[in-house]
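Colleague: I would like to learn how to read a structure step by step, beginning with a single side chain and moving on to strands and sheets. Could you take me through it slowly?

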Amino acid sequence: MLELKSPFKNNKFYVKMKLMNKHNTKPQQDKTCFFFTYYKWVLWLSLSLYFFTSYLITNDPQNPTTSTIVSNSNSNVVSHNTIGVLKNLKVFIYELPSKYNNDWLSNGRCKTHLFASEVAIHSALLKSDVRTFDPYEADFFFVPVYVSCNFSTVNGFPAIGHARALISSAVELISTEYPFWNRSRGSDHVFVASHDFGACFHTLEDNAIGEGIPEILTNSIVLQTFGVEYKHPCQDVENVVIPPYVSPEKVRRTLEKAPVDGRRDIWAFFRGKMEVHPKNVSGRFYSKRVRTEIWRKFNGDRRFYLQRHRYPGYQMEIARSVFCLCPLGWAPWSPRLVESVALGCVPVIIADGIRLPFSSAVNWPEISLTVAEKDVGKLDKILKRVAATNLTLIQKNLWDPKTRRALLFNNEIQEGDATWQVLVSLSEKLGRSYRRSMVSSELESDT
């Protein structure tokens, strides 16, 4: 820091100046007046130029430094002036007793684990401009029930056996105390099911298919992480495929620690459960043995960095990798899809028929690779061919901030983020809105 010093440190110089003024006062006053006027104009001109150029720099749309991957400020927060397709959209949020949501937040993991989109969406909507406190002007009704926060199991994963009863109880409550569920039979009501097989509420596919979607939800809209391109009982409901939750704050911290030069010293990376001898569970094997095949085939290959145990620096490993393997587990989707995109690693999707989130906002074919489950043994050849041909283009597409933003849930809605994409998807389903249908009917009768 600079230290300001007295301009009259030298006493001899100060005395000499006084003597000169004493013998020739008026001419010196004229010179001083002229100098002061000149100095004032120069100072004014300099400050004007400074502020003008600062304005141009900070408001330049071409300036890449103003574009961020994960915003650390509220500059993009849409809380007062929602624009575009969401301008007239209105969502009413039921204020349910705390046993349905807030009580579960006593466990800190409820807001941070991979199923936490149910909490993130609720939190963002509460502070959103689309929220209405007048249910009679609402297009949709959001039912905030947290069913993924029961961390009572031995392995630490959330138990969801209570989900059906909790949701049924919530629906009974709102249908008794409000008229809105009964008038539309729930068609304009929105739920979140961020679990392995969505609204079937089970971790194993056979059990999920056997139990199906609770009848009470079959006429509603479900936001769920599960989605496939073929007919499946667990998506036999009006649904929107959403990404699993990955903390934007954690992504930001990882990017801040990542190498400045963007160097990636891991060619192909995977860390997670890989069973050497997969167990037969009700006639099915974990990951359909895909992860087992990856381990057996490439564990000894120095180009593949494969790890089977948890590690706190897992995201930094992704930030150091060129290709990130995203094989199916029990369900086809995985948080690795979001983490890879957010941290600039090319996701290698190995899950036949998976339906990916927000395909209208995220051009998945341009930022990822898809490898058939049967071809997993050829991964080395496939990745080598991509690295020699179009890897640079894929990486360029991957670093588009809009793509990354679309897959991350923020505490407050930001234009283009994951909750924004949910609302865009709902705006495409306004035909299910009871209020809109009544307005349309009145207009038709008037004509």
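Modeller: Gladly, and please keep in mind throughout that this is a predicted model. Let us begin with a polar contact between two side chains: R271 and E317 are joined by one of 2.8 Å.

Colleague: Which backbone oxygen does the side chain of R271 reach?

Modeller: The side chain of R271 reaches the backbone oxygen of H309, and the distance there is 2.5 Å.

Colleague: Where does R271 sit, and does it count as buried or exposed?

Modeller: R271 lies in strand β6, which covers residues 266–271. A residue is called buried when its relative accessible area is under 20%, and R271 counts as buried because its relative accessibility is 10%. Leaving aside residues up to four places away in sequence, R271 touches several others, among them Y305, Y311, Y314 and R336.

Colleague: How should I read the pairing of a strand with its neighbours, and which way do β6 and β10 run?

Modeller: The general idea is to look for the bridges that link two strands and then to ask about their direction. Here β6 and β10 run parallel and are joined by three bridges; within this pairing, A268 has F323 in β10 as its bridge partner. On its other pairing, β10 is joined by five bridges to strand β11, residues 346–350, again in a parallel run, and F323 stands opposite V346 in β11.

Colleague: How many residues of β10 are buried?

Modeller: Strand β10, residues 321–327, is mostly covered, since seven of its seven residues are buried. In a regular strand the side chains alternate between the two faces of the sheet.

Colleague: What kind of unit do β10, helix α10 and β11 make?

Modeller: Together with helix α10, residues 336–342, the strands β10 and β11 make a β-α-β unit that is right-handed.

Colleague: In what order do the strands β1 to β5 form their open sheet, and why is one side of β1 and of β5 left without a neighbour?

Modeller: The five strands of this open sheet follow the order β1-β2-β3-β4-β5, with parallel pairing. Because β1 (91–93) and β5 (238–241) stand at the edges and each has a single partner strand, one side of each is left without a neighbour in the sheet. On average, and with direction ignored, neighbouring strands of this sheet are turned by 30° against each other. As one example of the pairing, β3 (residues 189–193) and β4 (residues 221–224) run parallel with four bridges between them, and V190 stands opposite I221 in β4.

Key. Residues numbered from 1 in each chain as written. Predicted model: local features only at pLDDT ≥ 70, side-chain atom pairs only at ≥ 80, totals over all residues. Heavy atoms only, no water. Buried < 20%, exposed > 50% of the residue type's maximum accessible area, 1.4 Å probe, protein only. Polar contact = N/O pair within 3.5 Å; in protein donor to acceptor, adjacent residues only side chain to side chain. Contact = heavy atoms within 4.5 Å. Pairing = 2+ DSSP bridges. Right-handed = clockwise from strand over helix to strand, strands pointing away. Axes fitted to C-alpha atoms, helices over the stretch in contact; angles between N-to-C directions.
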